[in-house]
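This report describes one protein chain, shown below.

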Amino acid sequence: SIGQFAFDQCYSIQNMELPTTLTTIGSSAFRDCKNLTSVEIPKGVTQLSNSAFYGCNKLETVIFNEGLQTISSSAFGYCISLKEVDFPASLKTIGSYAFGNCSNLSRVVFKEGLTTLQYEAFEYCHALTEVTLPSTLMYCYYPFYCCNNLKTVKCLSLIPPANEDNRILYSDNMESCVLYVPAWTINKYKLTKGWDQFQTIKPLD
């Protein structure tokens, strides 16, 4: 295991290879490693702890392997060089602010299996223009807060996922962001608080 704050503010780390036997990455383990550019999370790690890679502002590449189930609060907050993330099918929960203020994050791939997006998980990800939410999603809480360039949200769920405070987005572009859902569920989404904020709801192709 790698303990809490183990490599906190180790500015000299640029690249590293984590052992395949690793199972635990503690809170803030690599926080503010400002020159770290890439990391692969071994398949034995099931949970990334709070702020594990927070503030790694040169981190460009993160490879997630199958086995990871939870990305905890602020795990990749302020990783401003991160441009895309491809999550494994094993992932169930993305915690609050997990990718908050990743301002250049433009591509996010959610797999079937994800059930929960916690509070403002992708807040202020201004480069995001489109996201597709899997059919397995059951709960979300302001996941795309102030993602002001988000123009397209596709939700594959046949039942509108539950949401806190009746909000999915809280931004300046609610009128221009289009929600796409399975054709026979359009009325359900229009009648569900939070999802009804989308001014335009269209059927998926």
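Which residues form a nonpolar patch on the surface?

## Surface patch

The model is predicted. In it, the patch consists of Leu-158, Ile-159 and Trp-184. Together these residues have about 390 Å² of accessible area.

Leu-158 lies in the loop between E11 and strand E12 (162–163). Leu-158 counts as partly exposed because its relative accessibility is 43%, which falls between the cut-offs of 20% for buried and 50% for exposed.

## Overall form

The chain contains 1 helix and 14 strands. Its C-alpha trace spans about 50 × 30 × 30 Å along the principal axes.

A compact globule with 205 residues would have a radius of gyration near 17 Å, and the value for the chain, 17 Å, agrees with this. Of the 205 residues, 49% count as buried.

## The four-stranded sheet

An open sheet is built from 4 strands, in the order E9-E11-E13-E14. The pairing is parallel. E9 and strand E14 (200–203) are the edge strands; each has a single partner strand, so one side of each has no neighbour in the sheet. On average, neighbouring strands in this sheet are turned by 20° against each other, direction ignored.

Inside this order, E11 is joined to strand E13 (residues 178–181) by 3 bridges, and the two run parallel. Thr-152 stands opposite Val-178 in E13.

## Salt bridges

The search of the whole structure finds 5 salt bridges.

Another pair is Glu-84 and Arg-107, whose side chains meet in a salt bridge at 3.3 Å, N to O. Here too the pair links distant parts of the chain, with Glu-84 in strand E5 (residues 84–86) and Arg-107 in strand E7 (residues 107–109), 23 residues apart. Glu-84 has a relative accessible area of 44% and is partly exposed. Arg-107, with a relative accessible area of 43%, is partly exposed as well.

## A pair with a buried partner

The side chains of Lys-34 and Asp-32 also meet in a salt bridge, at 3.5 Å from N to O. Is Asp-32 buried or partly exposed? Asp-32 counts as buried, because its relative accessibility is 16% and the cut-off for buried is under 20%. Lys-34 counts as partly exposed, at 31% relative accessibility.

Notes. Residues are numbered from 1 along each chain as its sequence is written. This is a predicted model: local features need pLDDT of at least 70, side-chain atom pairs count only at pLDDT 80 or more; totals for chains, interfaces and linings use all residues. Side-chain values use heavy atoms; hydrogens and water are left out. A salt bridge is a side-chain nitrogen of Lys or Arg within 4 Å of a carboxyl oxygen of Asp or Glu. Buried means under 20% relative accessible area, exposed over 50%, partly exposed in between (1.4 Å probe, protein chains only). Two strands pair if DSSP finds at least two bridges between them. Axes are lines fitted to C-alpha atoms, for helices over the stretch in contact, and angles run from 0 to 180 degrees between N-to-C directions. Patches are made of residues with over 30% relative accessible area and no salt bridge: like charges are joined within 9 Å, nonpolar side chains (Val, Leu, Ile, Met, Phe, Trp, Tyr) within 5 Å. Accessible areas come from the Shrake-Rupley method with a 1.4 Å probe; for residues, only the protein chains shown count as cover. The radius of gyration is taken over C-alpha atoms; the globule rule is 2.2 Å times the number of residues to the power 0.38.
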